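User: I have a structure to go through for class. Can you take me through it in short answers?
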Amino acid sequence: EKLSLCECKSRQQTRECLAQALPSHMAAQQPGAIWLMYATILSRGVENVRRDMDETDGSLLGSHNYCTQDLVNLMLTGRACSNVHDGDKHLDTLVLKGVQSPSALGLLSLFEHYGSCEVGTYLKDPSFPIWVIYAESHFTVAFSSSAAILKPRRQQPFSLCYYDQLARMDEHYTLNIGIDDLGSGTGSNPGITCVERRSRSRLAPTSGHRGGTSPRAL
């Protein structure tokens, strides 16, 4: 296996390099996702990636060659922290490293609905209305073309586009979420964003969806 490295000194050089590489990365039968992973690791630096993780001898791939949370966070935030909460948590001599600042892209987890983890606001409230969704077996994505749904006190229905790459979706799915479907969660704090409430009570179509089957969503 051979990698061609391109060292960029500015944002403009980075854009030009990406634009040149994009066609081959997106071509059929090409390992574009693996190339993207390599680029992300090398851009962060191998030693920095090791320091980001809870354990410096940790791995970015887990059992069955599934990516670890460290790798997901590296792809989303640029740092390979091992956890999804905001900031670091200190337990005696143990430090659980979390997300250090608001992320451009978001993450929601089905396991928070189960009570197994807590996703911090840095991932729940991203800069752009795009959320990677972590279910039991694989990742999906929900997104919106309108940043208005990110407003913290929004109390109006909104729509999200939903995509599951393993569901062989032939049509465009839209999740239409109304106020009655937001759920009470653990309280009625109006400052909680709609998206954060959805992470508690599952993303689901309430006023209809398009497609042949119900979308698999949180």
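Predicted model: local features only at pLDDT ≥ 70, side-chain atom pairs only at ≥ 80, totals over all residues.

User: How exposed is Leu3?
Analyst: Leu3 counts as partly exposed because its relative accessibility is 41%. Along with Leu5, Leu42 and Val46, Leu3 makes a nonpolar surface patch of about 380 Å².

User: What about α1, where is the kink?
Analyst: The kink, of about 35°, is at Gln20, shortly before the proline Pro23.

User: And what span should α1 have?
Analyst: At 1.5 Å a residue, its 16 residues should span 22 Å, and the end C-alpha atoms are 21 Å apart, so the two agree.

User: New topic. How many salt bridges are there?
Analyst: The structure has four salt bridges. One of them joins the side chains of Glu47 and Arg50, at 3.9 Å from N to O. Glu47 and Arg50 are three residues apart in helix α3 (residues 46-52), so about one helical turn separates them.

User: Which residue pairs with Lys124?
Analyst: Glu112, in a salt bridge of 3.0 Å, N to O. This pair links distant parts of the chain, with Lys124 in helix α6 (residues 121-124) and Glu112 in helix α5 (residues 110-113), twelve residues apart.

User: Are Lys124 and Glu112 buried or exposed?
Analyst: Both Lys124 and Glu112 are buried.

User: Last one, Val72. Which residues does it touch, leaving aside neighbours within four places in sequence?
Analyst: Val72 is in contact with Cys67 and Phe139. Val72 lies in helix α4 (residues 69-77), and counts as buried because its relative accessibility is 8%, under the 20% cut-off.

Technical notes:
Residues numbered from 1 in each chain as written. Heavy atoms only, no water. Patch = residues over 30% accessible without salt bridge, like charges linked within 9 Å, V, L, I, M, F, W, Y side chains within 5 Å. Areas by Shrake-Rupley, 256 points an atom, 1.4 Å probe, with all protein chains shown as cover. Buried < 20%, exposed > 50% of the residue type's maximum accessible area, 1.4 Å probe, protein only. Helix = DSSP H or I, 4+ residues; strand = E, 2+ residues; numbered from the N terminus. Contact = heavy atoms within 4.5 Å. Expected span 1.5 Å × (residues − 1). Bend = angle between axes of the 7 residues up to and from the residue.
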